[in-house]
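Please look over the sequence and the model shown here before reading on.

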Amino acid sequence: MPQYTAYLGRFAPSPTGPLHFGSLVAAVGSWLDARAQGGQWAVRIDDVDRGRVARGACDDILRTLEAFGLDWDGEIAYQSQRDPSYEQALEALRAADRAFPCGCTRREVQASGQAGPLGFIYPGTCREGLPPGREARSWRLRAHSGTIRFRDRARGQQLIHLPDEVGDFIIRRGDGLFAYHLAMVVDDAELGVTDVVRGGDLLPCTAPQIALQQALGAATPRYMHLPVAINDQGRKLSKQTKAVALDRSDPAPALHDALTFLGQHPPTWLRREVPAQVLAWAVDQWQPERLPAAATVPAPVELRSVAD
Ligand SMILES: [Zn+2]
């Protein structure tokens, strides 16, 4: 394992809409963990999936981070501008025979594959070559047998057998866009991210991402997955579940709520302070071991969702 000499964390929102309480929790958790260790914190816009980008969302997200006092280091990176790096990674995987072309449609994979935590498990149809008469649509990573192991700082030891639980997963999609896992791994490696602190809904993505790091000869960062903020229906806060956008004009109460959510027990008087004060207290008091053990935690009622 590589030895880390410094801490570099990051927050990587997808610009599908304004930040809500769920994304604030991820940003605050990762920012605090970095700052409490004297580390750096980068922001990257995960807009590799161009079709999901909402107009103006990127600017809105950055303004919100500023208003909440979550300052970042270095330039903001945009995945939509990084295709040459992803292309290079795909080339390296092809050269090492770790990537293969697949001619299957989504419907075909659904029809013959089993459901897994990240969608249908690829049945291996094109693994040994495209069937006669089929054309390549996407590219997949050839998942090696053997168990992926990692220790999550909040969730403990994780063991995943990739072929059975995920299968050969897509790294370049049928529409030509690079897949989320590939983009994320290439970006984190190029930036030198040492610590990934993010929402627990992304825990199942970790094993395929580690498989890609290993295939590309990149270092594996440390991971810590935070509890997921849910609404009344037990669903993750998101644009789809109509999560309330954060109020930039009054950040302290939502910051206080995020710290409470993360198990940090902030005193009530912090709700009336400026963001810099709230965060200064939180950096000083940050104890990841206080994170709730539960995978999901209800968000504060007023920050869950707006009515139709
Ligand atoms: Zn196939």
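How far apart do the C-alpha centres of domain 1 and domain 2 lie?

## Two domains

The C-alpha centres of domain 1 and domain 2 lie 31 Å apart. The model is a predicted one, in which local features need pLDDT of at least 70 and side-chain atom pairs count only at pLDDT 80 or more, while totals for chains, interfaces and linings use all residues. Residues are numbered from 1 along each chain as its sequence is written.

The domain assignment, with bounds that come from an automatic or database assignment, gives domain 1 as residues 8–80 + 227–303 and domain 2 as residues 83–178. Five residues of domain 1 are in contact with four residues of domain 2, where contact means that the C-beta atoms of two residues, placed from the backbone, lie within 7 Å. On the side of domain 1 that touches domain 2, the residues divide into three nonpolar, no polar and two charged; here Ala, Val, Leu, Ile, Met, Phe, Trp, Tyr, Cys and Pro count as nonpolar, Asp, Glu, Lys and Arg as charged, and the others, Gly among them, as polar.

## Overall form

The protein has nine helices and 14 strands, which are DSSP runs numbered from the N terminus (helices are H or I with at least four residues, strands are E with at least two). The radius of gyration is 20 Å, close to the 19 Å that the globule rule gives for 308 residues, so the protein is as compact as a globular protein of that length. That radius is taken over C-alpha atoms, and the rule is 2.2 Å times the number of residues to the power 0.38. Along its principal axes the C-alpha trace spans about 70 × 50 × 35 Å.

Buried residues make up 40% of the 308 residues; a residue is buried if 20 or more other C-beta atoms, placed from the backbone, lie within 10 Å of its own, exposed if 12 or fewer, and partly exposed in between. Of the contacts with a separation of 6 or more, 78% are accounted for by residues 24 or more positions apart.

## Two nonpolar cores

A nonpolar core is a set of buried Ala, Val, Leu, Ile, Met, Phe, Trp, Tyr and Cys residues joined through C-beta atoms within 7 Å. The largest has 45 residues, and those with the most contacts inside it are Phe21, Leu24, Val25, Val28 and Ala258. The largest share of this core, nine residues, comes from H1. Leu24 touches Leu19, Leu246, Ala254 and Ala258, not counting residues up to four places away in sequence. Apart from this core lies another, of 32 residues, among them Cys102, Val166, Phe169 and Ile170.

In helix H2 (residues 57–67), Ala57, Ile61, Thr64 and Leu65 are buried. Seen down the axis of H2, these residues fall within an arc of 100°, so they line one face of the helix; the arc is that of the directions from the helix axis to the C-beta atoms. The buried residues of H2 pack against helix H1 (21–36) and strand S2 (40–45).

In helix H9 (residues 275–285), Val278, Leu279 and Ala282 are buried, and seen down the axis of H9 its buried residues fall within an arc of 90°, so they line one face of the helix. What covers them includes H1 and helix H8 (251–261), whereas the face of H9 turned away from its buried side carries the exposed residues Ala276 and Asp284.
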